[in-house]
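Here are my notes on the model you passed along, as numbered points. Have the structure open while you read.

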Amino acid sequence: MPKESEAGDGKLKVLALHGYRQNADTFKAKLGSFRKFLNKYVEFVFVSAPHTAAPLEVGSEPDPNQRSWWFNKEDRTFKGTNQGGPAYGFDESLRLVENTWQTEGCHGLLGFSQGACFVGLLCDLSARGMTTMKPQFAVVASGFRSGSLVHLNYYENKIQIPSLHIFGETDEIISKDMSESLTETFLIPEIVTHAGGHYFPAQASLKQTYVEFFRDQLQQHLEAKELQNATEANSFHIEEQAELEAPHEHSESDSDSD
């Protein structure tokens, strides 16, 4: 059963997906200031990718702390700019994230770099009804479109959920153009740029932007939940009334037959 209630009625639960060669713990540490900004509104759930990234130097031992969601090169490494390659390990990561989403009772997605690319794919799968996940919003930092062959048809339709896109003007790993290309797959993307490179910015000047986005998503979530509760309560009362009337109608029928 989902643990949605454990986040408390006053907070959103957001599943956070790290970048290539990161893991749940390193990503959580890097988002320390960002999480403090949003502590009133959000509880973040961090999960590590199931695959170990190849060592940086050929012949050396892999570092089990460096994880990857999938590999898009034949040598089982990953590079955001690679086009036309495989997506080794993607299905395993999809199952892991789906299970975590269900178990934790999450409401939204957040990703950085490869994790942001993954968020874009998950949003598209959700929009097409091809995953059990139903994110209400997405936050995408240093995101890009996947170049893997099996993912090329993922970007045919606009994703309609609210989204916040964050990227650096001087990012040399995932260029500004690559991040802008991903924003074009969302219907109404909110875009935040910073002067830096490949990192998740959390300077004080961005605090209000982050707070307003998550506060708006929380308000929409609570309003939708209140409407759902009211609808369910109304449905219960209608069914209850029908049950009370049923014996009375049956009694009249018996009387007519006498």
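This is a predicted model: local features need pLDDT of at least 70, side-chain atom pairs count only at pLDDT 80 or more; totals for chains, interfaces and linings use all residues.

1. Residues are numbered from 1 along each chain as its sequence is written, and side-chain values use heavy atoms, with hydrogens and water left out.

2. On to the overall layout. The chain has six helices and eight strands (DSSP runs numbered from the N terminus: helices are H or I with at least four residues, strands are E with at least two). Starting at the N terminus, the order is β-α-α-β-β-β-α-β-α-β-β-α-β-α. Of the 258 residues in the chain, 47% are buried; buried means under 20% relative accessible area, exposed over 50%, and partly exposed in between, with a 1.4 Å probe and protein chains only. Among contacts with a separation of 6 or more, 74% are between residues 24 or more positions apart.

3. Rolling a probe the size of a water molecule over the atoms shows where empty space is left. Here the largest pocket has a volume of about 330 Å³. Of its 17 lining residues, Y20, F78, G80, S113 and I173 are the closest to the centre. The terms work like this: on a 1 Å grid over the protein atoms alone, a pocket is an open set of points with protein on both sides within 12 Å along at least five of seven lines, whereas a cavity is a set where a 1.4 Å probe fits but cannot get out; lining residues have an atom within 4 Å of a point. Grid points are joined across faces, edges and corners, and the volume is the space filled by probe spheres set on the points.

4. What is that lining made of? Six of the residues are nonpolar, seven polar and four charged. In this scheme Ala, Val, Leu, Ile, Met, Phe, Trp, Tyr, Cys and Pro are nonpolar, Asp, Glu, Lys and Arg are charged, and the others, Gly among them, are polar.

5. Have a look at Q114, which sits in helix α4 (residues 114-127). Q114 counts as buried because its relative accessibility is 0%. Its side chain makes a polar contact with the side chain of S68 at 3.4 Å (a polar contact is a pair of N or O atoms within 3.5 Å; within protein, one must be able to donate a hydrogen and the other to accept it, and residues adjacent in sequence count only if both atoms are side-chain atoms). Leaving aside neighbours within four places in sequence, the contacts of Q114 are H18, G19, Y20, S68, W69, W70, F78 and F144.

6. S126 is also in helix α4. With 9% relative accessibility, S126 counts as buried. Outside four places in sequence, S126 is in contact with T131, M133, K134 and P135.

7. Which residues of helix α5 (residues 176-183) are buried? They are M178, S179, L182 and T183. These cover an arc of only 145° around the axis, so they lie on the same side of α5; the arc is that of the directions from the helix axis to the C-beta atoms. An α-helix has 3.6 residues a turn, so residues three or four places apart point the same way. The cover over the buried residues of α5 includes α4, β6 (138-141), β7 (163-168) and β8 (189-194). E180, also in α5, counts as partly exposed at 29% relative accessibility.

8. In strand β7 you'll find L164, which counts as buried at 0% relative accessibility. L164 and V140 are 24 residues apart in sequence and 6.1 Å apart in space, C-alpha to C-alpha. Not counting residues up to four places away, L164 touches A138, V139, V140, E190, V192, Y210 and F213.

9. Two backbone angles to check. R21, in the loop between β1 (12-17) and α1 (24-30), has a positive phi of about 75° although it is not a glycine. R76, in the loop between β4 (67-68) and α3 (90-104), has a positive phi of about 60° and is not a glycine either. R21 counts as partly exposed at 22% relative accessibility, and R76 counts as partly exposed at 44%.

Definitions and conventions. Contact means heavy atoms within 4.5 Å.
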